[in-house]
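Have the sequence and the 3D view at hand.

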Amino acid sequence: MTTATTVKTEYEAIIGLETHCQLSTNTKIFSNSSTAFGADPNTNIDPVCMGLPGVLPVLNEKVLEYAVKAGLALNCQIARYSKFDRKQYFYPDLPKNYQISQYDLPIAEHGWLEIELVDANGNPIRKRIGITRLHMEEDAGKLVHAGSDRLSGSSYSLVDYNRAGVPLVEIVSEPDLRSGLEAAEYAEELRRIVRYLGVSDGNMQEGSLRCDVNISVRPVGRKEFGTKVEIKNMNSFSAIQRAIDYEIERQIAAIEAGDRIIQETRLWEEGAQRTSSMRVKEGSSDYRYFPEPDLSPIEVTDEQLEQWRSELPELPAHKRHHYESELGLSAYDTRVLTEDRSIAEYFETAIASGANPKAAANWITQDITAHLNKQKLSITQIALTPTNLADIITRIETGKISNAQAKEKLPDLLTGISPEKAFAGQELITDPSVLEPIVDEVIAANPKELEKYRNGNTNIKGFFVGQVLKKTGKRADPKLTTELVEKKLNA
């Protein structure tokens, strides 16, 4: 009798992200109201963003510039001709009952960005994620629910229109992501890029960067996609990863149980660590798009495009490649150094001032970063200049001071004290004729420890080195001291 063996089906996730990124302009996309965060409710408003009768929108030129720069940085094809459209939907925080967006002719399409993960051995794993499109649009307002943090259970709701008309770019990825980890890294890399460009602060806590995830699962080997589910309400990169991991398990379990996955929008509940159904997903036909009649089409000239392209900075992925291949830094070091443009510029200035790249990377990623995290500062807020950091590293490498001395003086150096002043009178003693009598004195003063060493406890050698350093105020050259101590102990 033959027993049938059940083969367990393997599944893979198909994931794409829709990211709304608020642009860092001073005024709104079609009017002169301020975009400042944190203003009293309904104070940053005007007739245009409120959609009052008879008003006409005018495109903020800075929005177009920032959108094109973001598109270029994402390796997109920039449309020389694009237009705005009306996207119809009805919700209390949308004062016009339509949103001005872009539909069939967006400003940028067909791009990509590179994500980099690190394996267990510290080696970089790189993957290109396609960008379907990038388009400009205005934000809606914000509903504040009283009595509950969600609409369900609230006793009443208030609306704040300050955000209405705030400029956004929506960036839609291809379904190239396969895990929560990849999706979180994609979102982080996207934030690095817009911050490097200076087009957005990418602050998720203030809503400047908001990600919606589209996710489905399918058996490995099948070409057709499964039914797509959208997840909203994620305010951190870790939440993106956890929400996706949960949803993958939920969909697989439902399929294995014979249930049907429906196309819907779900919310991520941070407290419960789960997704829950919000509404059945709309299709594009539900929005009844048509060209915006109050705005003329957009034409980007060759001169504009080349001007904006010339203003792009070196982007984080290129810096990572450069630091790894040409400076010999580890994948971990390069990720920390390129996380923020100001840190990368600090590091590069230190290198240009003569610092050894690996030593500079160690100081920045370890001691300086620890200080920044503890004090909640950015690297631009410390008084230790990259030139002075290079001076410190050079002093260590030329034997003028020890690494321990430099670390001890770091708190003073971070406040702006110059290396010359901090290390005045602290130069290392590198003359054997000066150190030998001190070593002899220390050994003679510790006969019990000397006996332990000669009875086989060679680890106690460090005790004698420490005593010499102590007697010299840590000015004895550690390497030379160790050599002299070992020579005397073995005599």
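Start with a cluster: Tyr89, Tyr103, Tyr287 and Tyr289 are linked by ring pairs. Two rings of Phe, Tyr or Trp (for Trp, its six-membered ring) pair if their centres lie within 6.5 Å; planes under 30 degrees apart count as stacked, over 60 as edge-to-face, and the rest as tilted. Bear in mind that this is a predicted model, where local features need pLDDT of at least 70 and side-chain atom pairs count only at pLDDT 80 or more, while totals for chains, interfaces and linings use all residues. Residues are numbered from 1 along each chain as its sequence is written, and side-chain values use heavy atoms, with hydrogens and water left out.

The structure holds seven aromatic pairs. Take Tyr103 and Tyr289: their ring centres are 4.0 Å apart and their planes sit at 5 degrees, so this pair is stacked. Tyr103 is partly exposed, at 34% relative accessible area, and Tyr289 is partly exposed too, at 23%. (Buried means under 20% relative accessible area, exposed over 50%, and partly exposed in between, using a 1.4 Å probe and protein chains only.)

Now hop over to Phe463 and Phe464. Their ring centres are 5.4 Å apart with planes at 75 degrees, so they meet edge-to-face. Phe463 is partly exposed at 29%, whereas Phe464 is buried at 0%.

Arg128 lies over the face of Trp112, 3.5 Å from the ring centre, and the charged end of Lys407 sits over the ring of Trp363, 4.8 Å from its centre. To count, NZ of Lys or CZ of Arg must be within 6 Å of the ring centre and within 35 degrees of the ring normal.
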